[in-house]
Amino acid sequence: MQIERRVVAVTGGARGIGAAVAKAATEQGALVAIGDVDTAAAERTAKQFFGLALPLDVTNHASWAAFITAVEEQLGGVDVLVNNAGIMPIGPFLEETDAATQRQLEINVLGVLLGCRAVLPGMLARGRGHLINIASMAGKMGVAGAVTYCGSKFAVVGLTQALTDELRNTPVSASCVLPGLVNTDLSLGLPRNRLAREVEPSDIADAVMATIAKPRSEVWVPASGRVSFKLAGLLSPRQRHQLMHMCGLDDPMLTADGAARASYEARIAAGNEAGDVDG
Ligand code: NAD
């Protein structure tokens with residue numbers, strides 16, 4: 001799809017990967033709307049690239065309806081939806097609260113499904129469209145300390161694969177983007193080294209732009225992740241741990257720097273209590 005003059009909607013676009021995708025799409029001539037529960041941050045971000053910021057809670061059906069209506073009125077029908085909003089509280093499974101479990105599944109999984117269903121009828125009627133779901137490499141291999149998060153990202157990989165199959169005879173494409181470690185608030189305090197190489201939000205944005213131009217069902221960023229994960233999949237869990245240990249990466253999600261993550265964890269925990277992240 002030629003991106004110029006196309007309408008691109010990005011969820012969770014106030015910061016991080018979503019903001020980078022929105023900026024890149026604007027630079028390539030798209031009409032961009034970002035939706036986020038943190039409306040103040042979304043407005044600040046949209047101002048930087050003259051985009052449109054709108055309130056959106058991806059877990060809420062009525063919020064999706066209002067968001068899509070506002071985008072259609074102000075920019076036109078959505079051609080590309082980037083389902084990016086997501087949260088990642090980490091720690092031992094038994095220490096995760098029920099509210100945190102539910103909120104992760106609502107934002108990371110339900111939010112993606114509601115988004116796809118909100119825009120698909122319009123895309124099919126207009127004869128073009130692209131659903132781009134931001135999953136994670138954590139959606140290909142489960143790791144200790146991120147049980148619910150990994151489960152939610154496996155779900156995004158699976159639901160996108162199923163959508164691709166279901167939409168194969170239509171003019172609408174579905175793609176899943178699998179970032180590794182990205183330099184945003186969400187990954188604060190996680191150990192980095194040669195094996196867990198960090199990429200920038202702009203790298204994910206570049207991959208999303210390339211996928212809009214030439215749809216692919218699965219996009220790994222960095223691309224080397226695909227091979228590493230394939231090889232790691234050949235090892236037993238015990239061998240994988242030995243390899244991680246040799247690389248100085250023992251249980252990264254359980255050994256993350258809590259102080260460095262405090263502001264992020266507080267932001268998403270506030271959302272768990274309020275039923276509204278960043279409230
Ligand atoms: P981030 O915390 O920087 O940004 C996430 C944005 O989503 C925030 O602006 C937040 O307000 C918004 N959001 C949260 N709940 C929402 C809701 N209910 N409705 C609308 N917006 C909501 O995080 P990020 O790193 O930019 O993550 C973006 C996506 O990329 C997530 O799906 C995440 O799982 C995925 N991802 C991130 C990394 C990484 O290392 N940062 C790696 C793999 C995948």
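Phe-50 counts as exposed, at 79% relative accessibility (buried is under 20% relative accessible area, exposed over 50%, partly exposed in between, with a 1.4 Å probe and protein chains only). What you're looking at is a predicted model, where local features need pLDDT of at least 70, side-chain atom pairs count only at pLDDT 80 or more, and totals for chains, interfaces and linings use all residues. Residues are numbered from 1 along each chain as its sequence is written, and side-chain values use heavy atoms, with hydrogens and water left out. Helices (H or I, at least four residues) and strands (E, at least two) are DSSP runs, numbered from the N terminus.

**Strand S6 and its partners**

- Strand S6 covers residues 172-179, and seven of its eight residues are buried.
- On one side of the pairing list is strand S5 (residues 129-134), which runs parallel to S6 and is joined to it by six bridges; two strands pair if DSSP finds at least two bridges between them.
- If you want a landmark for that pairing, take Leu-131, whose bridge partner in S6 is Ala-174.
- S5, helix H5 (residues 147-166) and S6 form a right-handed β-α-β unit. Right-handed here means that, with the strands pointing away from the viewer, the path from the first strand over the helix to the second runs clockwise.
- S6 also pairs with strand S9 (residues 218-221), again parallel, through four bridges.
- The landmark for this one is Leu-178, with Trp-220 as its bridge partner in S9.

- Cys-247 is in no disulfide either: the nearest cysteine sulfur belongs to Cys-150 and is 18 Å away.
- Is Cys-150 buried or exposed? Cys-150 is buried, at 4% relative accessibility, while Cys-247 is partly exposed, at 28% relative accessible area.

**A nonpolar patch**

- Phe-93, Leu-94 and Val-147 make a nonpolar surface patch of about 350 Å².
- The patch rules: residues need over 30% relative accessible area and no salt bridge; like charges are joined within 9 Å, and nonpolar side chains (Val, Leu, Ile, Met, Phe, Trp, Tyr) within 5 Å.
- Accessible areas come from the Shrake-Rupley method with a 1.4 Å probe, and for residues only the protein chains shown count as cover.
- Val-147 sits in helix H5 and is partly exposed, at 43% relative accessibility.

**Salt bridges**

- The whole structure has 11 salt bridges, each defined as a side-chain nitrogen of Lys or Arg within 4 Å of a carboxyl oxygen of Asp or Glu.
- One of them joins the side chains of Arg-15 and Asp-185, at 3.9 Å from N to O. Arg-15 is in the loop between strand S1 (7-11) and helix H1 (16-27), and Asp-185 is in the loop between strand S7 (181-182) and strand S8 (198-199), so this pair ties together parts that are 170 residues apart in sequence.
- Both ends are partly exposed: Arg-15 has a relative accessible area of 26%, and Asp-185 has 35%.
- Asp-185 also meets Arg-267 in a salt bridge, at 3.2 Å from N to O. That pair links distant parts of the chain, 82 residues apart, with Asp-185 in the S7-S8 loop and Arg-267 in helix H9 (residues 258-274).
- Shared partners join Arg-15, Asp-38, Asp-185 and Arg-267 into one salt-bridge network.
- Glu-27 and Lys-23 meet in another salt bridge, at 3.1 Å from N to O. These two are four residues apart in helix H1, so about one helical turn separates them.
- Glu-27 is exposed, at 59% relative accessibility, whereas Lys-23 is partly exposed, at 41% relative accessible area.

- Val-221 and Pro-222 are joined by a cis peptide bond, with omega about 0 degrees. Pro-222 is in the loop between S9 and helix H7 (224-233).
- Phe-50 isn't a glycine, yet has a positive phi of about 55 degrees. You'll find Phe-50 in the loop between helix H2 (39-48) and strand S3 (52-55).
- Asp-251, also a residue other than glycine, has a positive phi near 40 degrees. Asp-251 lies in the loop between helix H8 (237-246) and H9 and is partly exposed, at 29% relative accessibility.

Conventions
Disulfide = S-S within 2.5 Å.
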